[in-house]
Amino acid sequence: MNKLWEWLDDRTGYKHLVNEALYEHIPGGSRWRYVWGSTLVFAFVVQMITGTFLWMAYSANSKGAWESVYYIQYEMQGGWILRGLHHFMAQAMIVLLALHFLQVVIDGAYKAPREFNFWTGLILMKIVLGLSLTGYLLPWDQKGYWATKVATTLMGLVPVVGGDLQKVVVGGADYGHATLTRFFALHAGVLPGLLLVFLGIHMYFFRRAGIHAVGADKRTAAYFWPDQVLKDAVACLAVLAVVMLFVVKGFMFPPQEHVAGVPIEAHFGAELGAPADPANSYSAARPEWYFLFLFQFLKLPIFAGHNEIYGAIVIPGLVMGLLFLMPFIGRWKLGHGFNVALILALLLGAGSLTFMALREDWSDDGYKAAVADAHVQSLRAVQLAQQGIPDGGAISLMRNDPKTQGPILFTRHCGSCHAHQPVEGLLAADPLLAATKPPEQSSAPNLYKFGTTEWIAAFLDPHAQKLATATVDGEAEVAPINSLTFFGGTAHIEGEMASYVTDTIGDEAEWTPDQIEAVVMALANESGVESQEKLDADQVAAGRTLLQDDNRCAMCHKFHAENDAAYAPDLTGYASREWLIEFISNPAAEKFYGDNNDRMPSFYLDPHQPLANRIQKKELELIVDWLGGDWYEPEAIIESEKSLESVQVLPDE
Amino acid sequence: MTHETDPSPPDERRSFLTKAAAIIIGGFVGFVPFAAGLATFLDPVFRKSNASKALKIASLDSLPADGVPRQFPVVSDQTDAWNQNSNQPIGAVYLRRLPDSEMIEAFNAACPHAGCAVDFKPNAGEAGLFQCPCHKSDFKPDGARLDPETCPSPRDLDPLPVDAEKLKQGEVWIEFMNFQTGPERKPIT
Ligand code: FES
């Protein structure tokens, strides 16, 4: 055996190398304060290991990036640990970097003969920041997409070449496959390679000048091995333990409520947001916490408008320059003091800017709502992805999902007139249905639960009552139909339906409560929205007869049978998918309101010129499906099974 | 700055403990990220292949009872890591209806040698031959190697089970599988 080592040493000289490495002099002996550099190297090695393995599972294109990360997180064994380690170690690296830097400056370790050591350190810092910036985009989720978009857009501020520079970095004018491929090459190839080179140079200079010992004369010298190695190892263990805590924090703080169809991995390791969607802007966009100070800095009023370039490029550039000059500044008598003051001031400034940013966000309800919404969307994406992702990528799942798109499209196209929210005393809240932001002043009917017995019953209810949303003029006792929930804000308040409800339906001699209920059931039966269990076949049949009665509904409405007298909306298939699509396409059609149409625009008049319409067919269908509550929801059975499982996995709260 | 006095030799026993601790802890912190990576790396071992399921390939009528093998694509739902698509071609098979019978023989079209797709050449040999373009393995229409001594393929073409019940109803259903290479016939699951 010894011979083999001898032979190996003879050919490679490894002994000398190992001796060099291990038996480095440490004047004053091993100390805890020397561990920072080693922990940084350790963090980098962890990133190399985890990064290489992640690389083997990652796909850098805009239809596969989110999907492959999803696959790592939710499908591959140990994937969430691997991702979590990489994600949180990256952040630990930033913290360690700051500590290392702080110590070097405070101890004066940047001074001669260690200038080059210091400068390579600064370059390493920039590379690490570059790694964070490029890595943030790779999962291609909303968070990373929008944050990186901001960062690269700011690049456009660079004078003269800004626009071109931006195009080069983004790989084109728009974000897409090319951007991801570029960022990935930078993140996994170029930057780590550069980092290795500069780390080598940094270590070389470090070894050349020896450790910058503080107070060494009072203690005995020692070798690096084994005492300092042990201290370094323990420090690395501590770093790893802290990082691991973040990775598994989902175990210690299990989610309050279980979302059906979302595996438990959603709460472990690093979060994966909803897939990036350029069409769906993301108001919760923020850079990673360590860049927050820059973000806040740019928001300072002095950098508004044309001055932005100072905040984004000039001042950070000057600060960087100043840092590079530190070794020279340090030569003057007061120089070291200045440097220490500078670095403390910078840290203090960055700290307070970060604090300001966080405080601003947490007192901003809009931001908080956006964050909550982003979380809901990310879980929804997982729910859908669990059913299998088509070639079009997860984004196509989200874009075709009424539950996701409905509220967005409804708010955009319908929400300035129609509300979609529960109404106290009329429309009870349903946890499955999302309420949208109500219009300033509802002028058209509330469409929450449209087509259900509940909605129709409220609409036909003749009894005046005090309602939360009464009239434009304020509080009053009104029948629901005359309140803002239904016709209160429209011209139809003066129409025949409103008076028919209050006068005729309100007259028990004309309409008994049973008859009203029968009509409600028969109408709800048309929609397909109402669950069949709620409908009684006999009542539906009775209601249909009433609806076709020439002295009642059929005076004005058509319902299945021919009816030449009809001039009010056709109730055949009322509130069903087809009826709604047709109605929204053109409410002023003969079949619906005709000349009596109030202000509702025709959204989809001409199928032959899809672009000439106010809305696209697909969007219209998504809105209608959303109104009807028609979307994929994981089965309740699956839910109860899953929660049983999760009870076993998770300790009780 | 550095003190050029040689450090004193450390106390042997204490230093042994320190060394052991340094190696153990150092090894552990390196092992953790590596183990996490390795677990993920080995994940494919536990994944199922798309093949190995019963699939309808053709109707019996469409197959002339002449003993000549004909190629059919195998179409099925396909899981490609995170993507799931229905009706994707996942392989090819040869079906052969024996003369004057309802018996169907089915072969995986992949050559057992190294997986190239074999061609059936009706004019080669006596009654036609399956020929592999890659290393020139020849198989008779019944799937047996023409000359087992010199054939690069270590085994005959891989037969696939045909569902007898479905065959009675006039449909050809087979259990589609892919096989590992080598003399033994082991399905890839
Ligand atoms: S693969 Fe067919 S002979 Fe080699």
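Predicted model: local features only at pLDDT ≥ 70, side-chain atom pairs only at ≥ 80, totals over all residues.
Residues are numbered from 1 along each chain as its sequence is written, and chains are lettered from A, with ligands numbered from 1, in the order in which they are written.

**Stop 1: chain B**

Look for two helices and ten strands (DSSP runs, numbered from the N terminus: H or I of at least four residues for helices, E of at least two for strands). From the N terminus, the order is α-β-β-β-β-β-β-β-α-β-β-β.

Zoom out. The C-alpha atoms of chain B fill a box of roughly 100 × 40 × 30 Å along the principal axes. Of the 189 residues of chain B, 34% are buried (under 20% relative accessible area; exposed is over 50%, partly exposed in between; 1.4 Å probe, protein chains only).

**Stop 2: the disulfide**

Select B:Cys116 and B:Cys134. Their sulfur atoms are 1.8 Å apart and form a disulfide (a pair of cysteine sulfur atoms within 2.5 Å). The count over all chains is one. The S-S torsion is about -95°, so this disulfide is left-handed.

Now show the flanking strands. B:Cys116 sits in the loop between β4 (104-108) and β5 (119-121), and B:Cys134 in the loop between β6 (129-131) and β7 (138-139), so the pair ties together parts 18 residues apart in sequence. B:Cys116 is partly exposed, at 22% relative accessible area. B:Cys134 is also partly exposed, at 35%.

For contrast, select A:Cys553. A:Cys553 is in no disulfide, and the nearest cysteine sulfur, that of A:Cys556, is 8.8 Å away. A:Cys553 is buried, at 13%.

**Stop 3: two helices in chain A**

Select residues 292-299 (α12) and 335-362 (α14) of chain A. Their axes come within 8 Å and cross at roughly 80° (lines fitted to C-alpha atoms over the stretch in contact; angles run from 0 to 180 degrees between N-to-C directions). How are α12(A) and α14(A) oriented to each other? They are roughly perpendicular (65 to 115 degrees; under 35 is roughly parallel, over 145 roughly antiparallel, the rest oblique).

Show side chains. On α12(A), the contact residues include A:Phe293 and A:Phe297; on α14(A), they include A:Leu353 and A:Met356 (contact means heavy atoms within 4.5 Å).

Technical notes:
Heavy atoms only, no water.
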